[in-house]
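Thanks for coming. Please have the structure open.

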Amino acid sequence: MTHPTKDFKVAVVGGGMCGLLCGIGLVRAGIEVDVFESAPKFEEVGAGVGLGPNAIRALDGLGVLEAVLRRADEDVPTLRPFRFLAGVGEHEHVYNYPVSAEDSGLGIYRPAFLEALSPLIDPAFVHFGKRCNSISVTTSGTHLLHFEGGSIHEADLIVGADGIKSVVRDFVVDHSSSSRLVYSNTIAYRAILSAQSLKEAGVKTDLQTQPLCWLGNDKHIITFPVQAKQMINIVAFASDSQTSLGSVTVPPPWVHSASKEELLNVFAGWGADAITLLQQIKNPSKWFIHCMHPPLRTYVCQRVVLIGDAAHAMLPHLGAGVGQGFEDVFTLCKILGHCQTSAGNINNALEAYDSIRAPRANMVLQSSSSQGRIYEEFLNTHGDRLETQKRLAGTWEPVWHYDLAGEVATLLENMYGH
Ligand SMILES: Cc1cc2nc3c(=O)[nH]c(=O)nc-3n(C[C@H](O)[C@H](O)[C@H](O)COP(=O)(O)OP(=O)(O)OC[C@H]3O[C@@H](n4cnc5c(N)ncnc54)[C@H](O)[C@@H]3O)c2cc1C
């Protein structure tokens, strides 16, 4: 384990995929860290997550890619080109998103990601069962975390990695700001099923070779293989495109169980393979997807900084949310870990973080919403393949082909010189 070399200490609120990664990255950068997680252990929803080339580069840059690959059952990241097909009729082929050798990605079971990473942090730095309620700042500028049950923790810098319902965000968001977490008018039904059982049920479409996007009207389905391609992650989306964003409030909890009948009703009229696939889902979970709208102008306030969904909860239509969180972590660790960053200039360091992370992640957030409209306006174009191909072409390029390491290096050069 690296011994702390910095004269400041950091508290990370939340031990999800981004918070845990951040804890590891900061310790390796020589910073004293405590991670506070409200759950009794590291835990994730039992579903898959797709990681694009930019997410892979961030993991590599933080030195954890090998550990992740071991749990992903893949020796190296693989090409994962999306294939688009019609959700209705005969499931006509629409488009293969073109990829090059450098566009390798990964599909991983979320709990496996946490299992890969958790041995990389000293358990002494992780505190479970600690739900943060609020943050305050003393007159001398010390930042205090207040936990359920009354305990308090002092830190020089607080990282909010507490996900979509972030309480740390409440400290960062200026109350005059119009930016808030809103219901996206989209529901996601999620399940994970064995590839073999789907074949046996009569699904003819190849679900194991590559991720698929089944296009429709106000609906689409994403499938991709995980766990050595033996399991298929399924997310079926249904949206209300007629209602304006932010006009409907959904009371928590935002995750329910749903019946198979409800799911089949929502997708009534879809093609035979899609229906056979959905029929195999006995107990779908139903998620009311929320997102930041409009995006936060800044991810930083005083010595409190947001990463991951706490900063930029977005629709999952580019499969890019956690990748943006990994980019946040890479950036924060490189800036805070720089040999010239110290307690005396943390505020400048956070300003630098904000200057590249907010514009970049907010761009991806907005592109994710536009991407969903392409998937769910397929029938508006009367199933026009060429029109849909044109709209889809190049949509992942700004997400995947971004030189984060180069941008951070330039930023550090501008801050500190050579
Ligand atoms: C249907 C769906 C599909 C998706 N697919 C993809 C995909 O394929 N690719 C992709 O990149 N992204 C995808 N995403 C987005 C991705 O899931 C999120 O971006 C990612 O999980 C965010 O990670 P996080 O660590 O920021 O937050 P979380 O994973 O939510 O972790 C937050 C952690 O903080 C803890 N916590 C919360 N509040 C407190 C508190 N007050 N005090 C202490 N601890 C607290 C929680 O227990 C949790 O462990 C998808 C999202 C959805 C909904």
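What is the area buried between domain 1 and domain 2? It is about 2,200 Å², and carbon and sulfur atoms give 63% of it. Buried area here is the accessible area, with a 1.4 Å probe, that two parts lose on being put together, summed over both. In domain 1, His 293, Tyr 375 and Glu 376 lose the most area to domain 2, together 31% of what that side buries.

Some ground rules. This is a predicted model, in which local features need pLDDT of at least 70 and side-chain atom pairs count only at pLDDT 80 or more, while totals for chains, interfaces and linings use all residues. Residues are numbered from 1 along each chain as its sequence is written, and side-chain values use heavy atoms, with hydrogens and water left out.

Now the domains. Domain 1 is made of 9-76 + 108-177 + 293-416, and domain 2 is 180-291; the bounds come from an automatic or database domain assignment. Their centres, taken over C-alpha atoms, are 25 Å apart. Contact, meaning heavy atoms within 4.5 Å, involves 27 residues of domain 1 and 27 residues of domain 2.

What holds for salt bridges between domain 1 and domain 2, and how many are there? The count is zero, where a salt bridge is a side-chain nitrogen of Lys or Arg within 4 Å of a carboxyl oxygen of Asp or Glu. On the side of domain 1 that touches domain 2, there are 14 nonpolar, seven polar and six charged residues. In that scheme Ala, Val, Leu, Ile, Met, Phe, Trp, Tyr, Cys and Pro are nonpolar, Asp, Glu, Lys and Arg are charged, and the others, Gly among them, are polar.

On to the backbone. Most residues other than glycine have a negative phi, and most peptide bonds are trans. A cis peptide bond joins Pro 252 and Pro 253, with omega about 5°. The bond from His 293 to Pro 294 is also cis, with omega near -15°.

Two residues other than glycine have positive phi: Asn 185, near 65°, and Gln 227, near 50°. Are they buried or exposed? Asn 185 counts as buried because its relative accessibility is 5%, whereas Gln 227, at 31%, counts as partly exposed. The cut-offs are under 20% relative accessible area for buried, over 50% for exposed, and partly exposed in between, with a 1.4 Å probe and protein chains only.
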